[in-house]
Amino acid sequence: MEQNQEEKTIQIAGSITVDELSQALGLSVTELIGTLFKNGIVATINQRLDYETAQIIIDELGLKNVKLEKKNTATKTSDYHRELSDKAVLRPPVVAVMGHVDHGKTTLLDTLLNKKTVDDEAGGITQHISAYQLKYNDRLITFLDTPGHEAFAAIRQHGALLTDIVVIVVAADDGVKPQTVEAINFAKSANAKIIVAINKIDREGADIDRTKADLSSHGLQPEEWGGDITMVPISAKQNQNLEELLDMILLTADIEELKADVDIPAEGLVIESHMETGKGSVVNLLVTGGELKTGEFVVAGSTYGKVRTMLDWKGKPKGKATPSTPVTITGFKDLPNFGDRFMEAKDEKTARKMALLNAQAAANETANANVTSTDLLRMMNVADNSKVFNVIVKGDVLGSVTSVVDNLKLIDTHGEITLNIVSSGVGDVNENDVYMAAGENTVIYGFNVNVPINISKMAARDNVPIRTYRVIYELLDDAKKEMENLLDAEIIEEDKGEMKVLGVFRTEKTSIIAGGEVLKGDVKPGFLARVVRDKKFIGEAEVTSTQKEKMDVPELVAGETGGLALKTTSKIDLQINDRLVFFTRETKKRTL
Ligand code: GDP
């Protein structure tokens, strides 16, 4: 793969001015304003553009080497690079295992962690990031896993740095596949170190060298070929060479000198959150600095709470969590967002105040972006005839809601349909959802949630469709079909023939009887006819019968003279010498 164009990353915290964006892109302000203008936006140099708008502009300009990153100012995640003190201590590496489906990610983690997989990954995208820890040679390694890569990408979009090392699993009998490329790109964009595990080497079709060649054509050069990527051939299933893989992970961690301060207030990331009856909010955190203990106060985004219970990844109570440790806690008053940074606060009052400030910052950020992508799409003149598809998304955990929403937004409607997320949230479909859905083109999508019987009755009464899924792809397929139904059908017209009118026997309000000579093609009942006079369009009619010597015939062909009965919707004064141009018109349902 050619990589001669330097990649450029632009971070956007809420919004960016035209001036700032042009500088970041190395374009003149005039050029940028020109592009905006072409897209229907009259902008000034100080106009603020939101992330999505900036992305559309970059796409318009065809700048493939520019990446936009959303900075989450509300929760201060992305611009967060803590300077380490000299008291910082080594911490376990945080390793994400990624790769194409069926290449052996799950098997690798199962073998490493000696765990039995509970097959609960409906449809291949779990709603969350699962975290595990493994002790090897007396050192801990933290593993993160999500069957689809969306959750990693979502956290990344929040600007958070989650992983130190990405282990990319590639099956030696299958090579580089789309999700392998996705994993490579993710690792690069997250600035993580890459280690490749070439898996399934026990298989007959396994070809390590070919896999390496494949990887190297995707920008990953194996060390033994003079590159800088460690590649370890393994068999996850037969537990072959896994120790070497772990050695390589620890070696990389040592070279990177992964450290964290522990004598600071605890901080980290929310990697999953959901509500549980009797427990309230259950939140999975990855501690990145400090030490989190039960009884301490924590803030994440606009919510806060006191750590009531804390469990390790195996579900065992844990009194203290050090950096790189994944834990599950209860005690947050509300559900924090997936990807939010959490911080320890010294007391309840401070926690409440910080949460409030975060909420205000988030509100300001939204208010600050003057031009939103919805505005842009509206202005890009697609909106006049674009239709709106309204959805309400309910999911069992925040991660699944985010995943569904993010993937819905990825459905390309070529600007013809505007997706409007009316609301989204965690929990069963409720009365409020049905109230909100009582409009045109609105569907409630539930992912891994229930619809209480009274709610489904209410929805049936109000004609509100509620669809529930356990497989995300099925949900997305359905949404796509719904959107396709909203597309205007494609009209296909095919020219068939032409007749010169030689006699007009009757013209009434909705019918005409005439005769003439077929100049070319043919004419059959059912064909449509354009009436043309002096090259001008006069009207349209439908042929109801074709006749020859007063007898109905199935068709008239070029060279023949005959009679026609035509049906019209409004009166057409057909005249001698008018031309009838025959055609057929089909409407075809369009797909996205
Ligand atoms: P994932 O989709 O990446 O999580 O892939 P899985 O771990 O579910 O593996 C997909 C299939 O490949 C399963 O049938 C595994 O048993 C098989 N598999 C995984 N690793 C190996 C391996 O090293 N050797 C062989 N022969 N099969 C493997």
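Which strands and which helix do the buried residues of α4 pack against? They pack against β6 (94-99), β7 (130-136), β8 (139-145), β9 (165-171) and α8 (242-256). Here, buried means under 20% relative accessible area, exposed over 50% and partly exposed in between, with a 1.4 Å probe and protein chains only. This is a predicted model, in which local features need pLDDT of at least 70 and side-chain atom pairs count only at pLDDT 80 or more, while totals for chains, interfaces and linings use all residues. Residues are numbered from 1 along each chain as its sequence is written, and side-chain values use heavy atoms, with hydrogens and water left out.

**The whole protein**

- The protein has 14 helices and 32 strands, taken as DSSP runs numbered from the N terminus (helices are H or I with at least four residues, strands are E with at least two).
- Of its 592 residues, 48% count as buried.
- Contact means heavy atoms within 4.5 Å. Among contacts in the protein with a separation of 6 or more, 71% join residues 24 or more positions apart.
- The accessible surface comes to about 29100 Å², and carbon and sulfur atoms hold 47% of that. Areas come from the Shrake-Rupley method with a 1.4 Å probe; for residues, only the protein chains shown count as cover.

- Helix α4 spans residues 105-113, and its buried residues are Lys105, Leu108, Leu109, Asp110, Leu112 and Leu113.
- An α-helix has 3.6 residues a turn, so residues three or four places apart point the same way.
- After α4 comes Asn114, with a positive phi near 55 degrees.
- In helix α3 (residues 51-60), the buried residues are Tyr51, Thr53, Ala54, Ile56, Ile57 and Ile58. Gly62 follows α3 and has a positive phi, near 65 degrees.

**The six-stranded sheet**

- This open sheet runs in the order β7-β8-β6-β9-β10-β11, with mixed pairing. Two strands pair if DSSP finds at least two bridges between them.
- Its edge strands are β7 and β11 (230-233), each pairing on one side only.
- On average, neighbouring strands are turned by 25 degrees against each other, direction ignored. Axes are lines fitted to C-alpha atoms, for helices over the stretch in contact, and angles run from 0 to 180 degrees between N-to-C directions.
- β6 and β8 run parallel and are joined by four bridges; Ala96 has Leu144 in β8 as its bridge partner.
- Helix α6 (residues 178-189) packs on the sheet and touches β6, β9 and β10 (193-199). The direction of α6 makes about 165 degrees with that of β9.

**Around the ligand**

- The ligand has 15 residues around it, and Asp102, Lys105, Thr106, Thr107 and Asp202 come nearest. A residue is near a molecule or strand if one of its heavy atoms lies within 4 Å of it.
- α4 gives the most to this shell, with three residues.
- A ligand nitrogen atom is 3.4 Å from an N or O atom in the side chain of Arg203.
- Taken alone, the ligand exposes 570 Å², and the protein buries 78% of that.

**A look at His103**

- His103 sits in the loop between β6 and α4, and His103 is buried, with a relative accessible area of 2%.
- The His103 side chain makes a polar contact with the side chain of Asp174 (2.8 Å). A polar contact is a pair of N or O atoms within 3.5 Å; within protein, one must be able to donate a hydrogen and the other to accept it, and residues adjacent in sequence count only if both atoms are side-chain atoms.
- Leaving aside neighbours within four places in sequence, the contacts of His103 include Val169, Gly175, Thr180 and Asn199.
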